[in-house]
Amino acid sequence: KADIKEKLEKDNKDKAKAEMENAAIDAVIANTKLEVPEGMIDLEIDDMVENINQRLQYQGMNIETYLKMLGKTESQLREEFKPDAKKNVETRLILNQIVEDEKLKADEDYINGELTKMAEQYKRDLEELKKNENLVEYLDKASKNEQAVKFLIDNAKLTK
């Protein structure tokens with residue numbers, strides 16, 4: 001019971017944190033005049049479609065079969081993805097600007113901690129993972145984005 005209670009409390013805490021982060025980002029997006037090029041949105045949609053395709057392939061299906069099951073065309077699916085894709089691009093642009101403006105640096109402890117978790121989880125050599133430039137760059141960006149979101153929340157003016 002204690003384990004279940006602890007897991008539920010952690011899940012609730014994580015959910016509340018995510019909701020606060022999303023609210024802060026949504027508020028900044030709503031109060032920022034961003035001109036997002038259609039090309040960036042299209043590239044984000046491409047990534048979203050590819051992500052779904054990869055997950056489907058992992059399950060032994062492909063996007064064409066999936067679309068037939070839904071009774072949709074790829075164009076319709078892409079159109080449905082457009083609002084989320086636009087928000088993803090806006091969020092990325094805003095967080096990148098905060099990282100730049102605030103001169104945020106990656107947290108080396110965070111990066112090393114994540115690499116250590118991955119090494120343990122996937123039974124890989126830690127030093128080998130540290131040499132993976134793409135992985136380290138991804139974690140560097142994740143660390144900076146996390147700090148940018150924290151900056152937004154710390155500087156948010158909460159109203160009721």
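Modeller: Let's start with a term: a nonpolar core is a set of buried Ala, Val, Leu, Ile, Met, Phe, Trp, Tyr and Cys residues joined through side-chain atoms within 4.5 Å. Buried means under 20% relative accessible area, exposed means over 50%, and partly exposed is in between (1.4 Å probe, protein chains only). This is a predicted model, where local features need pLDDT of at least 70 and side-chain atom pairs count only at pLDDT 80 or more, while totals for chains, interfaces and linings use all residues. Residues are numbered from 1 along each chain as its sequence is written, and side-chain values use heavy atoms, leaving out hydrogens and water.

Biologist: Which residues touch the most other members of the largest nonpolar core?

Modeller: Ile45, Ile63 and Phe81, out of 13 residues. At least two residues each come from α2, α3 (63-70) and α4, with α2 giving the largest share, 6 residues. Those helices are DSSP runs (H or I, at least four residues), numbered from the N terminus.

Biologist: What does Phe81 touch, not counting residues up to four places away in sequence?

Modeller: Ile45, Met48, Val49 and Ile52. Contact here is heavy atoms within 4.5 Å.

Biologist: Why is Glu44 called buried?

Modeller: Because its relative accessible area is 10%, and the cut-off is under 20%. Glu44 sits in helix α2.

Biologist: What makes the Glu44 and Asn88 pairing a polar contact?

Modeller: Their side chains come to 3.1 Å. The rule asks for a pair of N or O atoms within 3.5 Å; within protein, one must be able to donate a hydrogen and the other to accept it, and residues adjacent in sequence count only if both atoms are side-chain atoms.

Biologist: How do α2 and α4 cross?

Modeller: The axes of α2 (residues 38-58) and α4 (residues 74-101) come within 7 Å and cross at roughly 115°. Axes are lines fitted to C-alpha atoms, for helices over the stretch in contact, with angles from 0 to 180 degrees between N-to-C directions.
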